[in-house]
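Hi everyone, thanks for coming. Please take a minute to look at the structure on the screen, and then I'll walk you through a few parts of it.

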Amino acid sequence: MIELRGLHKTFDRGSEPVEAVQDINLVVAPGSIVSLIGPSGCGKSTLLHMIAGLYEPSSGEVIYNGRPVVSVNTSVGYMTQKDTLLPWQTVRDNVALPSRLAGQAKAERHRAAAEILGRVGLDGFETRYPSELSGGMRKRAALARMLLYRPETFLLDEPFGALDAQLKLAMHELLLRLWKEDGQTILLVTHDLVEAITLSDRVVVLTRRPSRIILDQEVDLPRPRDVLNVRFTSRFKQIYDKLWDVLRVEYEEERL
Amino acid sequence: MSINAATGQQAPAVSRKPALADMSKGRMLVCQAGVFILILACWQLASGRLVSNFFISNPVDVGKRLWEWTISGFIFPHLWVTFYETVAGFVLGSLIGVMLGIWLGVARFMSRLLNPFLFAFYALPKIALAPLLVLWFGLGLQSKIALATVIVFFLVFYNTFTGVREVDQDMIDTVRLMKARRHQVLLHVVIPSAMSWIFAGLKISVPYALIGAIVGELIAANRGLGFLVQRMGADFDTTGVFAVLVVIGLLAIALNHLVEIAQVRQERWKIVSH
């Protein structure tokens with residue numbers, strides 16, 4: 001269970017303070033998938049940083065499983081927008097790093113890494129270095145790393161942004177399948193409304209900076225969902241239209 | 001050959017002379033040997049004609065002298081002493097520099113506290129410490145090793161410190177979220193990330209370690225290449241001075257080469273990235 005209570009975050013950038021997040025109240029039920037959507041630079045990443053315990057809120061608090069988050073929250077896996085693979089380790093060593101830190105035997109973690117890399121379509125790249133991979137491949141490697149160590153909660157910051165359409169669908173399917181097995185809580189930041197609705201139990205729309213919640217929409221589409229075809233159902237369209245009406249205003253205001 | 005897009009015809013092939021800078025490695029080596037011989041020839045011809053042999057000696061005499069020293073074995077104890085001092089100073093200075101650099105790079109309070117003192121020391125020309133070190137450590141090898149150590153320490157320390165400070169915070173955060181302990185963050189992120197800085201520091205400090213050893217020997221010693229240069233100079237033996245300089249130069253090249261080999265092994269991940 002993740003609870004955000006009256007969360008504010010202000011950054012001191014040069015002379016004037018920038019208010020990134022303003023009075024966010026949100027409860028994420030365990031085992032649910034929640035998407036955060038909103039204009040770029042609206043403070044979504046800031047929110048994830050605070051949940052991970054990497055930023056301290058200016059006021060308000062983050063409660064994780066009943067306890068306030070005051071330092072790095074090791075119950076979450078965080079896939080940031082920037083891929084954070086270690087350049088000096090091979091793809092396999094990167095993916096297996098969490099298991100290595102936990103003291104797992106080499107043979108075992110290599111086998112597990114090879115398997116998960118196969119599932120994200122990176123078989124044969126085990127001994128390459130991140131610099132030899134394309135942007136999309138690096139994203140998939142970072143995703144594989146998280147899927148392998150299975151933290152209780154996934155924080156995903158635009159994890160599929162750099163992927164082409166087919167690959168995106170494959171990754172959606174993989175994510176939902178693993179989620180069904182393990183039942184993690186997933187908090188997903190995205191710009192892609194279709195992606196948000198396809199995957200989530202709830203879609204939360206944020207305003208442009210300073211960020212507030214303007215709509216918290218439940219997605220009551222039945223599961224398991226067909227990640228390709230669910231978007232053609234009428235209920236999907238209703239939800240999409242409702243979200244888009246709100247989101248469009250934010251995007252338009254941003255452009256002015 | 002390029003194809004003209006509009007007409008679909010082949011553009012006339014332009015025959016270009018290959019640029020001189022692109023010549024093959026072997027040819028370049030031949031040219032470099034040529035330059036070397038030319039310099040030696042000029043030196044040989046100038047000696048005794050344009051400038052007195054007393055001041056600039058000549059390559060043939062220098063060569064003869066080097067040959068004599070090699071045959072008699074005269075040069076080797078001196079070469080060994082200087083090599084030993086350089087390597088010992090380099091190793092000691094690097095070890096202390098890397099360890100302290102990593103520690104202060106990570107410990108923010110200590111680095112803020114000690115920063116002005118370290119900077120003051122950094123700005124001080126370390127060579128000026130030589131007389132003091134001779135006083136403390138005597139005329140033997142220790143004082144030269146100490147001087148080389150001090151010089152190497154500061155170079156390596158500052159590079160390591162900067163390297164550790166440059167580590168991408170996002171990478172550290174990611175690994176901390178994976179439940180990494182402090183020493184694991186250090187081992188898997190901080191040190192590998194700072195490695196190219198550390199190696200840059202090690203590389204530039206090799207010639208400085210040699211400078212430390214030689215300067216120490218120039219000031220007060222009874223062995224070593226620096227001592228030899230000093231003695232030959234005092235005896236007005238220009239040929240001897242040049243011969244020792246050649247030996248010092250060769251030693252410097254050999255030491256640099258060793259570091260390069262070590263670095264290539266270390267940074268395979270960087271070399272494969274284009």
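Let's begin with a term: a crossing of two helices is left-handed if the near helix is turned anticlockwise from the far one by less than a right angle, and right-handed if clockwise. Helices (H or I, at least four residues) and strands (E, at least two) are DSSP runs, numbered from the N terminus. In chain B, helix 8 passes helix 9 in a right-handed crossing.

Before going on, some housekeeping. This is a predicted model, where local features need pLDDT of at least 70, side-chain atom pairs count only at pLDDT 80 or more, and totals for chains, interfaces and linings use all residues. Residues are numbered from 1 along each chain as its sequence is written, while chains are lettered from A and ligands numbered from 1 in the order in which they are written.

Back to our helix pair. The axes of helix 8 (residues 169-177) and helix 9 (residues 182-219) of chain B come within 10 Å and cross at roughly 145°. Axes here are lines fitted to C-alpha atoms, for helices over the stretch in contact, and angles run from 0 to 180 degrees between N-to-C directions.

Which residues make the contact? From helix 8 of chain B they are M171(B), I172(B), V175(B) and R176(B), and from helix 9 of chain B they are V185(B), H188(B) and V189(B). Contact means that the C-beta atoms, placed from the backbone, lie within 7 Å. By class, five of these residues are nonpolar, one is polar and one is charged. Ala, Val, Leu, Ile, Met, Phe, Trp, Tyr, Cys and Pro count as nonpolar, Asp, Glu, Lys and Arg as charged, and the others, Gly among them, as polar.

Now over to chain A. Here an open sheet of six strands has the order 6-7-8-3-9-10, with mixed pairing; strands pair if DSSP finds at least two bridges between them. Its edge strands are strand 6 (76-79) and strand 10 (213-218) of chain A. Inside the sheet, strand 7 (residues 153-157) and strand 8 (residues 185-190) of chain A run parallel, joined by five bridges, and T153(A) stands opposite T185(A).

Key: Contact = placed C-beta atoms within 7 Å.
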